[in-house]
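This report goes through one protein chain, from its overall make-up down to a single residue. The sequence and the structure come first.

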Amino acid sequence: MPRVRVKLVSWDEIVEWTMGLSKIIEESGWKPDVIVAVARGGYVPARLLCDFLDVTDLISVQSQHWVEAAIVAEKAILRYPYKVDMSDKRVLLVDDIVDTGESLILAREFITREWKPLELKIAALQWISPVAKMKPDYYLIDVKEWIWFQYPWTRLEDISQFITRIFREDERAREEITEDKLKELFIEWYGIHPSELSHYWKLALEKLQKKGTLKKTDKGFKLEKK
Ligand code: ADP
């Protein structure tokens, strides 16, 4: 068992899942006038839902909760709280996943209070039912056991954070380690083989060196910033 349970999600799966979600919404007989994406995770599903449900109006709110991949922050915050009048609109609020549900609860509270929509419903591709504090009106997948879904739109960010975490938390990466050793630890931690990540593995290592997090040594890599 890896230390952190991760599933690599492909672009094809995202299209397939969002199409499945759009069918559920359509079959309910309800149609939104406006789709609101919860930034940043809701962007791609929201854009695809516009396509599948034939919706033109797409806007967004930013509700932030997760600071790093697979590490949750204390409190969700709503950024750029602008106001619009939605009193004659049916609004569909869209996110990728309902995990704790904190960011969606915050976004729902804000929109209900400040935008006063005619109706507000929530859709997400996935819902982690044992931990979520709210249930979306529409969802495709009921996730029964917590897992980090590595979505294709955060691949570079997540892989970079995954690597950094090994250097920060694994005793065996205290001193410099070879790239092969790093790959071995990565598989042990996340259950993903770097070869599944194609160019993202190399890009992440380059990005971490540029940021000054990692330093290239004769042997391989070492952590620069503690
Ligand atoms: P929500 O209010 O949608 O449940 P959370 O506050 O739990 O969201 O998380 C906010 C965002 O963090 C999610 O929209 C998603 O982009 C990301 N996220 C949270 N949990 C996971 C997870 N288990 N796998 C992948 N991404 C996640």
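The protein chain contains six helices and 10 strands. The model is predicted. Along the principal axes, the C-alpha atoms fill a box of roughly 65 × 30 × 30 Å.

The domain assignment divides the chain into two parts, listed below.

| Domain | Residues |
|---|---|
| domain 1 | 10-146 |
| domain 2 | 152-223 |

Taken over C-alpha atoms, the centres of domain 1 and domain 2 are 32 Å apart.

Of the 226 residues in the protein chain, 48% are buried. The accessible surface of the chain is about 11900 Å², and carbon and sulfur atoms account for 50% of that area. Contacts between residues at least 6 apart in sequence were also sorted by separation: 66% of them join residues at least 24 apart. The chain carries 36 positive and 38 negative charges, and the mean positions of the two sets lie 4 Å from each other.

One residue can be followed in detail. Q62 is part of strand β3, which covers residues 57-68. Is Q62 buried or exposed? Q62 counts as buried because its relative accessibility is 15%, and the cut-off for buried is under 20%. Apart from neighbours within four places in sequence, Q62 is in contact with A39 and R40, and also with I77, L78, R79 and Y80. Between Q62 and V34 there are 16 Å from C-alpha to C-alpha, with a separation of 28 residues in sequence.

Definitions and conventions. Residues are numbered from 1 along each chain as its sequence is written. This is a predicted model: local features need pLDDT of at least 70, side-chain atom pairs count only at pLDDT 80 or more; totals for chains, interfaces and linings use all residues. Side-chain values use heavy atoms; hydrogens and water are left out. Domain bounds come from an automatic or database domain assignment. Helices (H or I, at least four residues) and strands (E, at least two) are DSSP runs, numbered from the N terminus. Buried means under 20% relative accessible area, exposed over 50%, partly exposed in between (1.4 Å probe, protein chains only). Contact means heavy atoms within 4.5 Å. Accessible areas come from the Shrake-Rupley method with a 1.4 Å probe; for residues, only the protein chains shown count as cover. Lys and Arg count as positive and Asp and Glu as negative; His and the chain ends are not counted. The place of a charge is taken as NZ of Lys, CZ of Arg, CG of Asp or CD of Glu.
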